[in-house]
Amino acid sequence: MTETVKSPCINVCALDDDDVCVGCFRSMREITDWSEYSNDRKREVVAQARQRMKRRYNLA
């Protein structure tokens with residue numbers, strides 16, 4: 001059985017000017033649609049959020 005991908009939410013819920021959460025780096029759309037996503041889509045969202053965080057903090 002495949003384990004469900006857990007939400008990356010860290011309970012720091014605030015959106016920046018681009019409607020991206022400053023805690024988990026998901027977009028508002030990704031947050032609201034999370035429960036409807038397949039595990040594959042959830043993994044994609046987590047990867048995209050990680051990239052947003054790296055860009056925000058200028059990490060390699």
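Me: A charge is said to sit over a ring if NZ of Lys or CZ of Arg is within 6 Å of the ring centre and within 35 degrees of the ring normal. Which ring does the charged end of Arg26 sit over?

Reply: Please note first that this is a predicted model. In it, the ring of Trp34 has the charged end of Arg26 over it, 5.0 Å from the ring centre.

Me: And what does Arg41 lie over?

Reply: Arg41 lies over the face of Tyr37, and the distance to the ring centre is 5.2 Å.

Me: Let us turn to aromatic pairs. How many does a search of the whole structure find?

Reply: The search finds 2 aromatic pairs. In one of them, the ring centres of Phe25 and Tyr57 are 6.1 Å apart and the planes meet at 80°, so this pair is edge-to-face. The pair links distant parts of the chain, 32 residues apart: Phe25 is in the segment before α1, while Tyr57 is in the segment after α2 (39–56).

Me: Is Phe25 buried or exposed?

Reply: Phe25 counts as buried because its relative accessibility is 5%, and the limit for buried is under 20%. Tyr57, at 49%, counts as partly exposed.

Me: Which residues form the aromatic pair with 70° between the planes?

Reply: Trp34 and Tyr37 form that pair, which is edge-to-face with 6.4 Å from centre to centre. Both Trp34 and Tyr37 are buried.

Me: Now to Glu30. Where does it lie?

Reply: Glu30 lies in helix α1, which covers residues 28–33. With a relative accessibility of 5%, Glu30 counts as buried.

Me: What is Glu30 in contact with, leaving aside neighbours within four places in sequence?

Reply: Glu30 is in contact with Tyr37, Arg41, Val45, Gln48 and Arg52.

Me: How many residues has α2, and how far does it reach?

Reply: α2 has 18 residues. From its first C-alpha to its last it reaches 26 Å, close to the 26 Å expected at 1.5 Å a residue.

Me: Which residues are buried in α2?

Reply: They are Asn39, Lys42, Val45, Ala49 and Arg52. These residues cover an arc of only 130° around the axis, which puts them on the same side of α2.

Me: Why do residues three or four places apart point the same way in an α-helix?

Reply: The reason is that an α-helix has 3.6 residues a turn.

Me: What do the buried residues of α2 pack against?

Reply: They pack against α1. The face of α2 turned away from the buried side carries the exposed residues Asp40 and Arg55.

Me: Changing topic, which residue with a positive phi follows α2?

Reply: That residue is Asn58, with a phi near 55°. Asp19 also has a positive phi, near 60°, although it is not a glycine. Asp19 lies in the segment before α1, and its relative accessible area of 43% is why it is partly exposed. Phe25, not a glycine either, has a positive phi of about 65°.

Me: Finally, what does Val22 touch, not counting residues up to four places away in sequence?

Reply: Val22 touches Val12, Ala14, Asp16 and Arg56. Val22 is found in the segment before α1 and, at 31% relative accessibility, counts as partly exposed.

Me: How far apart in space are Val22 and Glu44?

Reply: From C-alpha to C-alpha, Val22 and Glu44 are 18 Å apart, and in sequence they are 22 residues apart.

Methods:
Residues are numbered from 1 along each chain as its sequence is written. This is a predicted model: local features need pLDDT of at least 70, side-chain atom pairs count only at pLDDT 80 or more; totals for chains, interfaces and linings use all residues. Side-chain values use heavy atoms; hydrogens and water are left out. Helices (H or I, at least four residues) and strands (E, at least two) are DSSP runs, numbered from the N terminus. Buried means under 20% relative accessible area, exposed over 50%, partly exposed in between (1.4 Å probe, protein chains only). Contact means heavy atoms within 4.5 Å. Rings of Phe, Tyr and Trp (its six-membered ring) pair if their centres lie within 6.5 Å; planes under 30 degrees apart count as stacked, over 60 as edge-to-face and the rest as tilted. The expected span of a helix is 1.5 Å times one less than its number of residues. The arc is that of the directions from the helix axis to the C-beta atoms.
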